[in-house]
Amino acid sequence: MARTVPTGTKLGWTIAAWVVALLIFFPILYTIVTSFKSETEAIAGFNLIPSGTLESYREVQSQYNYFKPFMNSVIIAVGSTILALLVAIPAAWSMAFSPTKRTKDILMWMLSTKMMPAVAVLVPMYLIFRDWGLLDSRVGLTVMLMLINLPIVVWMLYTYFREIPGEILEAARMDGATLWGEIVYVLTPMAVPGIASTLLLNIILAWNEAFWTIRLTTTNAAPLTAFIVSFSSPQGLFWAKLSAASTLAIAPILVLGWFSQKQLVRGLTFGAVK
């Protein structure tokens, strides 16, 4: 029998949830508002009422072509996600359905790599990219972001695969399914919600990655994170232009997150309640 929750308690938790959501979203909101101000208004002080000018957007577009870094971000984010899934799906399958006594140790080791500061490996990675001719290239950044996010992708897929009954895969083997057919035609369709949420999360992480994209690119493969940085100068920060550039950079991923939020939530909670 479900527990009865008083109306006042529901209302209180609802208000608290909205307050937390607004606090989280407020920096994005203020960035968008500032982007519609002139530089004079932006540095004048806190004000949530913009003048509605598009001056900053015109200057941003005139100084830097938005389409090129946008396409670089799309190619790098989508490419690294596809590569990560191609590697992670077989890896997660083997750990979920053919575990060994070292499986948990391997999973923990993979997760521990995310705890290492990126700056600790900056010099060796930069030298490797330089020697292999991968500096300022989409291929280099795509592989780099795939490797960075691969532990998270493997962990998420491993969690989803663990919720799928192994008897279904055994039945597929008895029907003559090959290993590849078992993964592609049986396991993958059953884990679509989990794979979709993993895909969306990896795209968001790759899209927002700034440390490596700024340090391993200059012009040719520079994504939107480098596009934002290009509007800071030794003369100071131009808040209105930076806000306009930031708004243009986050707009695509905000739209993606808005339209895919149901699928994302469904995938992130997949297997949480049996």
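Student: What should I keep in mind about the model before I read any feature?

Tutor: This is a predicted model, in which local features need pLDDT of at least 70 and side-chain atom pairs count only at pLDDT 80 or more, while totals for chains, interfaces and linings use all residues. Residues are numbered from 1 along each chain as its sequence is written, and side-chain values use heavy atoms, with hydrogens and water left out.

Student: How many helices and strands does the chain have?

Tutor: Helices (H or I, at least four residues) and strands (E, at least two) are DSSP runs, numbered from the N terminus; the chain has 14 helices and two strands, and its C-alpha trace spans about 70 × 65 × 30 Å along the principal axes.

Student: Which residues touch the most other members of the largest nonpolar core?

Tutor: In soluble globular proteins, nonpolar side chains tend to be buried together. A nonpolar core is a set of buried Ala, Val, Leu, Ile, Met, Phe, Trp, Tyr and Cys residues joined through side-chain atoms within 4.5 Å, where buried means under 20% relative accessible area with a 1.4 Å probe, counting protein chains only. Here the largest core has 28 residues, and Ile89, Phe97, Val154, Leu157, Phe161 and Leu187 touch the most other members. At least two residues of this core come from each of helices H4 (67-97), H5 (103-112), H7 (138-162), H8 (166-174) and H9 (179-190). Apart from it lies another core, of 25 residues, including Tyr57, Phe129, Leu145 and Ala244.

Student: What does Phe97 touch?

Tutor: With contact meaning heavy atoms within 4.5 Å, and leaving aside residues up to four places away in sequence, Phe97 touches Phe161, Ile164, Gly166, Leu169 and Leu187.

Technical notes: Buried < 20%, exposed > 50% of the residue type's maximum accessible area, 1.4 Å probe, protein only.
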